Amino acid sequence: MTFLDMLSAAERQNQSLLCVGLDPDPAKFPAHLRGDASRIYDFCAAIVEATADTVIAFKPQIAYFAAHRAEDQLERLMAHMRAVAPQVPVILDAKRGDIGSTAEQYAIEAFERYGADAVTLSPFMGFDSVQPYLKYEGKGAFLLCRTSNPGGDDLQNQRLATVDGQPLLYEHVARLAQGPWNLNGQLGLVVGATYPAEIERVRELAPTLPLLIPGVGAQGGDAVATVRAGYRRQGDATTGPVIVNSSRAILYASSGEDFAAAARSEALRTRNVLEAARG
């Protein structure tokens with residue numbers, strides 16, 4: 001089953017556009033776990049178990065594990081997600097971007113070591129930095145396009161004078177991903193929820209690609225505006241899915257021992273808001 005097949009199946013089964021981002025920060029853990037990096041797996045596994053039937057995908061952010069020497073805990077978590085939620089695809093949020101020979105190693109890390117279904121990438125170094133990931137049949141790769149951070153304007157919103165039509169950089173990335181770079185239908189785009197007008201523009205330029213949309217929740221993105229900008233009804237099989245990510249608002253919904261139950265409640269609330277928006 002390809003990554004896109006898994007997305008479609010999870011969306012139907014869980015009736016959800018919600019992706020839960022797994023960004024474990026021990027300093028923010030509930031009181032009985034706080035500050036203990038050895039409990040990263042325990043914290044994330046509890047969140048996964050509590051939300052597995054509410055999501056279209058999970059998105060572990062690799063830096064939150066590597067910073068605490070917890071890569072072995074990430075490997076255990078990936079295996080746990082496969083066991084308890086085999087229907088839910090896992091997007092490894094790594095934002096890699098390097099020359100081809102190094103990219104080959106990063107692809108091994110993402111798809112062979114961790115067993116991810118998709119990975120996030122920076123397209124800044126061009127297609128040869130993306131191509132090694134596309135050699136993995138059925139796997140997905142999400143290219144940073146119009147990100148949710150304010151500094152995204154520094155490059156992404158600049159006009160390319162030497163390209164036909166003088167598009168903005170993020171528009172050019174969207175066209176490349178929809179067109180010549182998408183050799184096997186494996187590419188998607190990352191577009192921040194804090195820029196709904198740009199989400200709509202990216203959907204116009206890349207109608208068939210899945211859009212991974214972070215920034216809902218703690219970053220202030222509007223869930224309703226996000227869905228209305230990026231979602232198109234799936235009656236047309238060529239329309240790409242929307243994956244709306246929320247991390248901190250769900251992970252840290254409670255600082256008590258009920259953290260998993262609170263995370264589930266917040267995930268259900270967010271899922272229902274997203275569902276109503278596409279209604």
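Me: In what sense do β6 and strand β7 (residues 211-213) pair, and over how many bridges?
Reply: They pair in the parallel sense, over two bridges. Pairing requires at least two bridges found by DSSP between two strands. Strands (E, at least two residues) and helices (H or I, at least four) are DSSP runs, numbered from the N terminus. V190 stands opposite L212 in β7.

Me: How does the chain cross from β6 to β7?
Reply: Through helix α8 (residues 196-205), in a right-handed β-α-β crossover. Right-handed means that, with the strands pointing away from the viewer, the path from the first strand over the helix to the second runs clockwise.

Me: Is this model predicted or what?
Reply: Predicted: local features need pLDDT of at least 70, side-chain atom pairs count only at pLDDT 80 or more, and totals for chains, interfaces and linings use all residues. Residues are numbered from 1 along each chain as its sequence is written, and side-chain values use heavy atoms, without hydrogens and water.

Me: Is β6 buried or exposed?
Reply: Five of the five residues of β6 (residues 187-191) are buried, so the strand is largely enclosed by the rest of the structure. Buried is under 20% relative accessible area, exposed over 50%, partly exposed in between (1.4 Å probe, protein chains only). L187, L189 and V191 point one way, G188 and V190 the other.

Me: New topic: how many residues of α2 are buried?
Reply: Ten of the twelve, so α2 is largely enclosed by the rest of the structure. Among them are I40, Y41 and F43.
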